[in-house]
Amino acid sequence: MTPERWQAAFSDYSTSSFSDYLRHAAPHLLPTPEPAARPAASDGHVAGVPHGTTVLALRYRDGVVMAGDRQASEGYQVAHRRIEKLFKSDDLSAVGIAGAAGPAMEMARLFQTELEHYEKVEGENLSLDGKANRLGAMIRANLPMAMQGLVVVPIFAGFDERAGVGRLFKYDVTGGRYEETDYFAQGSGGKDARDSLKKRFRRDMSRDEAVRAALEALLDAADEDLGTGGPDFQRGIFPTVKTISRSGITDLTDDDVRRHLEAILSDRGRN
Amino acid sequence: MPLPYYVSPEQMMKDKAEYARKGISRGKAIVAIEYRDGILLVAENPSTLLHKISEIYDRIAFAGVGKYNEFENLRVAGVRHADVKGYSYSRGDVSAKSLANAYSQGLGNIFTQDIKPFEVEVLVCEVGEGDGGKNEIYHILYDGTIEDEKNYAAMGGQSDEIRRYLKENFQEGLDLAAAIQLGVRALMVTQNKSLTERDLEVAVLDRTKERRKFRRIPAEVLHQLLTPGA
């Protein structure tokens, strides 16, 4: 056997990465950049493409709370009222998507497969840093589409088993990865949610306190931002909330979220 | 110019088959048993790090005997096949049958075309969803021969005796502890020593689990399950 042949087993870096495998085995299945059908609008958004709006994550005593509103917007129109923006990526991490909803959901799906694939092939989980870097690479691969206006900028949060803490990461359009120590919110209402979290965030909050801070921030964002959907008591549409801790990911039920929101709104009505 | 030796095709295939069978029979055995909540896989494997039984997809598990590097290659290929299929269609569209066919094709091609056949046998198991869901167990041999098995399956060294034991002792609807004890007794039929949790690798496809049904049984739990009356 020639040296080149046995060395191939070492230099094949795609063995554990699903997206790398797809790139050389079935590139047509990858979300690839499309040629620009029409020019991007002046605000950088492609008209007629639904956009996810506000997602946020904040740390609390046992891990991270993630929350997102349920609306997707197309310009000034509501595209969907019940869209899900938080995706469980594995047992200990989740992605909150903001930006062009189609490519973002596709990216979340690819990311889920990527993590599960690694776990099955290698027999152990990627580190949280490893997961965050992989997501960064996927966002970077989306750059050509981002330049056409289909920007995807998720938040990634998870529980770091090695460090024993919850951690959260934000991204820029080039795949740049930045870790936040306390909280972050992304999307059209992201700034308003961040302002709200800035006032309410404290270190080592309990789960209930953190969930309440997250929902207050989403209410504030819905108040100020056209694209962010508020809770809809009539239709029974409430924000999604997930908590991520050592024991895994828990979804808050709609009833729990409704109870929190009613408490917040009645407190606000009183003042 | 020297003439190449003529070897008749029959002789060539026979030699290859014998070579592969020899390699496989040296390895330790694996059994698969259908139990109340799904499918149980028990392997004699003293290593806790190098697995013979693994997860392929939500409802599909893989087990291999023979040469480690060869069935490990097949396993990774299976994970890729399943993940690509699940990603390009949907998770529900990934089936053990198509994977077993792929293995059969692959092993068959290697057997006829390569000088050295793979010295492996693999099991591909799929647990049925819900109460009435039907389980599937495919057994693929070194030459690409494929069989679907019911209730139980065995492969590896002295698997004929193990299969005979399972045929006599298998019952439907066993609970997990009873199924594991049956599996371990079956593996012990061919040897004088008794097997403890340290010699075994055990995993199940448990249909009561959410989404990913594959679950390894850790040594502590296995110890409790193997202790009668506990």
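Predicted model: local features only at pLDDT ≥ 70, side-chain atom pairs only at ≥ 80, totals over all residues.

Visitor: Which residues does C125(B) contact, leaving aside its neighbours within four places in sequence?

Guide: Among them are A32(B), I39(B), L41(B), A96(B), E136(B) and L205(B). A61(B) is another; it is 64 residues from C125(B) in sequence, yet the two C-alpha atoms are 5.3 Å apart in space.

Visitor: A32(B) is on that list. Which residue is the bridge partner of A32(B) in β8(B)?

Guide: That's A153(B). Strand β1 (residues 30–35) of chain B and β8(B) run antiparallel and are joined by 4 bridges. How do you know that counts as pairing? At least two bridges are needed, so 4 will do.

Visitor: Which sheet are they in, and what is its strand order?

Guide: An open sheet of 5 strands, ordered β8-β1-β2-β9-β10 in chain B, with antiparallel pairing.

Visitor: Why are β8 and β10 of chain B said to stand at the edges?

Guide: Each has a single partner strand, so one side of β8 (152–155) and one side of β10 (214–216) go without a neighbour in the sheet. From one strand to the next, the twist averages 15°.

Visitor: Which helices lie across those strands?

Guide: α4(B) lies across β1 and β8 of chain B, at about 160° to β8(B). α5(B) lies across β1, β2 (38–44), β8 and β9 (200–206) of chain B, at about 35° to β2(B).

Visitor: At what angle do α4 and α5 of chain B pack?

Guide: Helix α4 (residues 159–169) and helix α5 (residues 176–188) of chain B pack at about 140°, with axes 8 Å apart. The crossing is right-handed. I162(B), Y165(B), L166(B) and N169(B) from α4(B) meet L182(B), A186(B) and L187(B) from α5(B). By class, the residues of that contact are 6 nonpolar, 1 polar and no charged.

Visitor: Over to chain A. What does it contain?

Guide: Chain A has 8 helices and 14 strands.

Visitor: How many bridges pair β10 and β11 of chain A?

Guide: Strand β10 (residues 165–171) and strand β11 (residues 177–180) of chain A pair over 4 bridges, in the antiparallel sense. One bridge partners K170(A) with Y178(A) in β11(A). Their hairpin has 5 residues between the strands, and G175(A) takes a positive phi near 90° there.

Visitor: Last one: how many residues of the two chains are in contact?

Guide: 9 residues of chain B are in contact with 11 residues of chain A. On chain B's side, the largest share is 7 residues, from helix α2 (residues 68–88) of chain B. That side divides into 4 nonpolar, 2 polar and 3 charged residues.

Technical notes
Residues numbered from 1 in each chain as written. Chains lettered and ligands numbered in written order. Axes fitted to C-alpha atoms, helices over the stretch in contact; angles between N-to-C directions. Left-handed = near helix turned anticlockwise from the far one by under 90°. Contact = placed C-beta atoms within 7 Å. Nonpolar A, V, L, I, M, F, W, Y, C, P; charged D, E, K, R; others polar.
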